[in-house]
Amino acid sequence: MTNKKFFVGFTAFYFVFFIILLIVGSINDLNIEIALFKPESAFAKFAEIWGEVPRFAMWAPAACVLFFNRMSLADIIGVLHRIFPFIKTPDAQQIKSLCYKIFNFIANAVQAVGFVALAVLGCDKVIRNVGKYYVDLSQLGWYIISAAAAAVMLLAFSKIPKRIMKKLEIFALAGIVMGILFTFEDSIKGIANRVRFREMVAFSNGYEDARAQGVTSALVNTSDFSLFTNWYEKGNGGALLGGFELGGSSCPSGHVVSACFSFLSAALLNSFNKLKKLAPAACVICFLYVCVLSFTRIVRGAHFLSDVALGAMLGMILFLIGAMAVKIFKLMLTQQNRGAIKTGR
């Protein structure tokens, strides 16, 4: 079986699997959550801290790749020309002019500073989001550590051959596309406005912090679940329970959407002939990762079964958009290279 056939079959299986879970959750979400709720689970706590790393960790490597694949001003204008045909591309004589050289220098400097800053912020995103559970540092302290990590990463990426770096470029862009699209996840949560199970348990029993150590499965029997809603109903976020205001961020699961960023690794492996055979196994591992993380989110009381199923499907949709972006980027880069050859650049 070719990888293409495997990916098509795998994607179909993936959606069918999570659609079934969504149906099951739609019928029995609350009872499933009551049965599985065990927020004191050490493994579930560990998964809560580390579960979103695939999304957090994507930004810094992507920035490093783009730093070493910076585009000339002519290349940037060429890309814009394909999107907006009325923008004229510079000819060979214009490229040799002093004016072009000045603006090309500025464009290169802006890209360099921008990608270095993105690398630092990317390192900060993963280091701080994980590290804050273990160490209490000031914002400046986190940035210093992140800047050092970004410097080491840039040095490491500088050793990668140019031909490989060009292949990595499209995946860096695809990851950034996924990352930008992820920002809409908060808006979806706002529309659903569904209350988290652990908040209902905590607030019913006088705990203001739903992740407090005292919030355990033993409190389920004394909890008020009257504000529970199904995923397809308008939630009760903002309502008061036990004198505390309930949030509305249960649906869909951001952790599970973030886990789907790991599928970029399978797409990356599939782009190298020597590694292509590992891509199907990577898909399976990523699927298992999504499933295990989904289970831990239910155990922690952060999400219902339908929340994680929707998160898994939304994450895969983002990945498929990213994969489509890879094809578009490949085509654009191919055209860009042909254009460069014709103009003698």
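Author: The second largest pocket has a lining of 22 residues, and nearest its centre lie E52, R55, F56, N129 and H255. This is a predicted model, in which local features need pLDDT of at least 70 and side-chain atom pairs count only at pLDDT 80 or more, while totals for chains, interfaces and linings use all residues. Residues are numbered from 1 along each chain as its sequence is written, and side-chain values use heavy atoms, without hydrogens and water.

A pocket is an open set of points on a 1 Å grid over the protein atoms alone, where a 1.4 Å probe fits, with protein on both sides within 12 Å along at least five of seven lines; lining residues have an atom within 4 Å of a point. The space in the second largest pocket is about 430 Å³, a volume being the space filled by probe spheres set on points joined across faces, edges and corners.

At least two lining residues come from each of α2 (42-50), α3 (53-56), α7 (98-131), α10 (185-192) and α12 (254-259). Of these helices (DSSP runs of H or I, at least four residues, numbered from the N terminus), α10 gives the most, with three residues.

For reference, the largest pocket has a volume of about 650 Å³, and its lining divides into 14 nonpolar, three polar and three charged residues.

Technical notes:
Ala, Val, Leu, Ile, Met, Phe, Trp, Tyr, Cys and Pro count as nonpolar, Asp, Glu, Lys and Arg as charged, and the others, Gly among them, as polar.
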